[in-house]
Amino acid sequence: MSTRGTRRKTDAEKSPGGPVRKRQKKADPVEILATCHELFDAIRSAKGQDNRVLSESFMRAPSRRTDPEYYKIIENPIDLTRIQQKLKNEEYAAFSDFYEDVELVISNAKKFYPSSSQEYKDASELQELLTEISGKFESAQTPKQPVNPAAPSPAPSASIPNSRRNSPEAEEWKMEAVLAAILDLVDPQGRLICPPFRVLASAEEFPTYYEEIENPIDLKTIAESIRNGAYDSWSAFEADVKLLCKNAKQFNKPGSTIFKDAGRIQTCFDKKKAEVFSSRRLSNSVISHNKGVIDELLTQAETEETGLSEDSEEDEDSEDSNDPVWILYWTVRNYDVVDGVPLCEPFLELPSKSYYPDYYDEIKKPMSLFVINKRIKRGEYRNLDALVQELLLIFENARSYNIETSDIYKSAVTLEKLVRKKARELQKERKSPKIAKHEIPVEDSMDYENDQSPSASNLTPASTSLETNGTALKQSRAKQQQLINEQDDTASDISNNIVQKKRVIRRTRDPNTPKLKPGRKSFEEHRRSYKDKLVQVWSATSDLKMNNRNLSENFLYLPCDKTYPDYYKIVKNPIDLTEIKRRIEANEYASSEEMLKDFHTMFNNAREYNMPGSQIYMDSLILESVVNATMTSVTENVVLVAPPVGRYEGKSRYQRVSEAEQPSPRPVKENVSKVLRVAGNSPAFNIAARNNLEFRSPVIARGAPKQLSREHQQMSAIYDSLVAHQSPEGRILSTVFMKLPSKTKNSLFIDIFAKMSSETDKSVIKLVIIGSGPTALGALHRIHQLQGAGCLEQKVEVTVVERESSAGGLATTITDSSGFSWDLGVHVTGTSRYPEFLRVIYEVIPEWYSIKRCVKANMLHIIRNKDYVEENYVPYPVQHSVQYLPFRVQQKCLEDLDKFDEKKSVTNFDEFSQKYFGKTLQDIFIRPYNEKVLCNTGYAPTSSSKNSQTEQVEDRTAFRYPANCAGVGEIWKRFANTFPEENFKFLHKVERIDPFENKLILSNSDKTEHHLHYDVLISSIPITELGRLSNLCPQISLKHSKVVLVGIGLQKPQSEFAQKLSWVYFPDPKTIFYRCTIISNFSPFMTPDPEKYWSVLCEIGMKPEDGVDENGILDQTVQDLILNGIFESEAQVYSKWIHILPYGYPIPTLNREEELRKCHKIFEDHNIFTRGRFGGWKYEISNQDHSFECGIQLVDKIFLGISETLYAVNE
């Protein structure tokens, strides 16, 4: 037994009736809250004579919009949900406060509703019930003497319910079962609850705790009492558990993590108690397990010395010192102080060995701020570099020991950047310190790049105190973090977040509370995470397919040395994908940089050995682009280093890399920490990059299988010689013989050629493209690629006709007169399976923001929480967030699930959604939302809708947005600028199309008409407009919606809630918009001054024929944004912008496929082809990458006869 345990029992022997107090204390807050919860549950579950729940009508107060009279009559509105919220937040300090709130709910109802109404009758019944049962809880208002576990149990009070009067028998196996459950208890994130409660720190270490807590107790003491037979009744055992929870709540601040954990332990106790008394004796194996868990607890010792000396006394005068060492120290100490608690609080002291002994097994160089404080006082830091190294050691330790999603990990990332930035400021002309590179992979650091100070709600004093500062790095890795040191360039001024000249008073830490964050990641998990990232890059390369051909097939194996002996003379460092995979599995890569170097070597080998323009050459460029993009996405441009093997985790170890062997960091520009840079090493090229060009490599990179016979090897060598043979001009002669002519090409291109006028120069084909959005630019790009690669027999002259002054189409960004920029809808980029799209956008926009995705659905019409507006928002998609909806809705969803019938047939989307999501979800979200967006209910789940699921593989945790420019429109403007000016006719509108004379009648800004002849016409304008302009299909039966865009520019401050959001969906028809996007959260370039302004973009769906009252829409939008809590009514609206899109969404109606089939047949008979969001009228494949790829594949279909895989025609 520990000293504390012995001391406690001795006190009990001297005073069997319990300790003598000098004064009577207030009622126990734990008991008060327990009583309130018990009474609330009784009221909540009470039923009337007709078996109906009486409280149902009072869970939510009437809506202000639907029942405004209620708020004129009722002065103090409140409902049971609000009371439940106050109980959850432990806001009731006295039972009387809770009782008054319940009475207020009942009196409000009786005051508002007529006496004949059902609500009035229900309120009267609840009033009677409240009066009847409240007497049982009056004792909660009377102060109680604390329970001494060693003293006899007090006589039961008359006010105590019968279930609590007679204490059950205190059988050891039952008590051990409950205690073992507490020791194994974890929170929803998997964090172990018990460590702070296992063994208390000594009175010498934390005297304040023992001064305030009269009867200290821990789980070890309770375990000793069980084993020693000290509990003669269950009530004595229960009293000690309650005392444990009470002490923690008394010493810690309400709302803190330790305070909440005490409540979790009490709940666990009650639940496990009910289980053990309702079941038979547990099995021997379970009892044996419980004993083992408690035996481990009993062997736990008190805190051991760490070998490091700390000094928690901080000299206030040093805060005003001009010494750079003290300046840097106090910069960290005073950063982001919330309620007197700085962000660095979890790093002040070293963790206790008694709570986390494995911490010191893995962390070889523990460090804390108080250790540094003492060393500064002793003058141990001769220069700033030495201090920087030890400060960063603290944060590297924390990131190593804790999982990436923990608060302590995020705090460490923030403070690490702070130290680097401040150190550079202090050093000025001096060299930056060599900062160690990440030893442990960083998965989510980009999520916090734009968040200098994490939300106070996520970093409460207690929650941070539960976390750890973790592991030391080997000195041999000291140079590795030079990359990170060079990256960071935080935009915001640090001084804005530092409390100047303000002494931070350190709160006395709870000895119950370790400074560690359970839920840490083991070395095995780190290694698995590291390897998974490498495999992810490898798989993205090996699995890449285009037109059902695997691009990596020529890179899987090295060529046979007998078949290609010259390969090994030319290529000095041969390597293939199989070898790279073997090295990954064998843990041979000490860093991600080493693997990336192998990939580049492999692709360079292919290009060195093969001719430019060959298939293998082109494949290497595409694959290298994919490798670079995937590696950047996976690693966030941070070089990952293989984690070491833990002390107890197997015999094999990763080889430590000496300082001389460290891979050199990739050169990165200074702003890389703010943006996601996709810097492919592929050179820019104007040759065919899409692999479905049906020509092969002159000499493949892998050769025939090594088991080939001599005869086969000879045949293979002859074949490859033929394939590689070139004309004197350098043209590969075998290209046109590699594949039989396509029937599609014969029937399509030859037909086009035949329709050309006899007077036309048939050596030149005139291609006209209407529109300049992603589809049009994809087609233009493909033509230039094919002509550059010599794949076209005739020269193609391309003219792009655009009525606006710049390219972009529906992917344009408009800057209003106030300087706010607005995308025409929400255009973000996650990932894409189309490498050419990725290569293009990353070439024109090299820097990208990686933005944490936070998408919500507003369910105010269901949840109806007027007091806490944020509570009405649930994570999107709604079908994954049923748990956030009211209980009655959850029950209905479960009932819908029971009714699911797989065999039930559906004919439209309405029936489809009801079948697979259930009537409840359909009624509360799916139908109302789609009706707001599409203004139509008869649309169908077409077979082609599968494309949107398979073609786009999107990261659901983050998305990308162009950096250093205003909006996505800049992508297409810059891309259009890469083509010759003669390819474009801007500010030209198509007035008519003459399909029989193959000409367009255009008008320019002067309204002057002129003609433009074409041989082939590609249109990306709405297909219905194309039919009208050409008079080929004047009446096309397709439907679409109109969208009104409203942009609201506001002056800061911006609410914390709005700062988190990406965009929100609004299904309630009472809200005018169906979606709002906090577009200023995407990029600081979207407002005239990001320090002063922020902006919201709203989208409103309308029928095409509906009129638009612009002023009314603007006013209603502002009102609805306020009502839904996006900003407060006091917010200063600086700018209002409105823009109408006559074509918003193409609606997939039931007759769509048949209408499109007929139209395409008519148009293509006249050499007219139509694609794009509205040109193809298929919303499911109308993202930017889809549209761009559609343009590429359409050109391949027209000029090469290659079938389209994305857009299906004539099916």
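This is a predicted model: local features need pLDDT of at least 70, side-chain atom pairs count only at pLDDT 80 or more; totals for chains, interfaces and linings use all residues.
**Exercise 1. Which strands does helix α38 lie across, and at about what angle does α38 run to β21?**

Residues are numbered from 1 along each chain as its sequence is written, and side-chain values use heavy atoms, with hydrogens and water left out.

*Solution.* Start with the elements: helices (H or I, at least four residues) and strands (E, at least two) are DSSP runs, numbered from the N terminus. Now find α38 at residues 1110-1123; this helix lies across β17 (1039-1051), β19 (1075-1077), β20 (1093-1102) and β21. Contact here is heavy atoms within 4.5 Å. Finally, α38 runs at about 105 degrees to β21, where axes are lines fitted to C-alpha atoms, for helices over the stretch in contact, and angles run from 0 to 180 degrees between N-to-C directions.

**Exercise 2. Work out the strand order of the open sheet of 7 strands, and its edges.**

*Solution.* Two strands pair if DSSP finds at least two bridges between them. Tracing the pairs gives β10-β9-β18-β19-β20-β17-β21, with mixed pairing. The edges are β10 and β21 (1133-1147), each pairing on one side only. From one strand to the next, the twist averages 25 degrees. Zoom in on β9 (residues 855-858) and β18 (residues 1063-1065): they run parallel, joined by 3 bridges. Val855 has Trp1063 as its bridge partner in β18.

**Exercise 3. Classify the ring pair Tyr876 and Phe925, and say whether each residue is buried or exposed or in between.**

*Solution.* Rings of Phe, Tyr and Trp (its six-membered ring) pair if their centres lie within 6.5 Å; planes under 30 degrees apart are stacked, over 60 edge-to-face, and the rest tilted. The structure holds 52 such aromatic pairs. Tyr876 comes out partly exposed at 31% relative accessibility, whereas Phe925 is buried at 7%. Tyr876 and Phe925 also belong to one aromatic cluster, with Tyr1145 among its other members.

Definitions and conventions
Buried means under 20% relative accessible area, exposed over 50%, partly exposed in between (1.4 Å probe, protein chains only).
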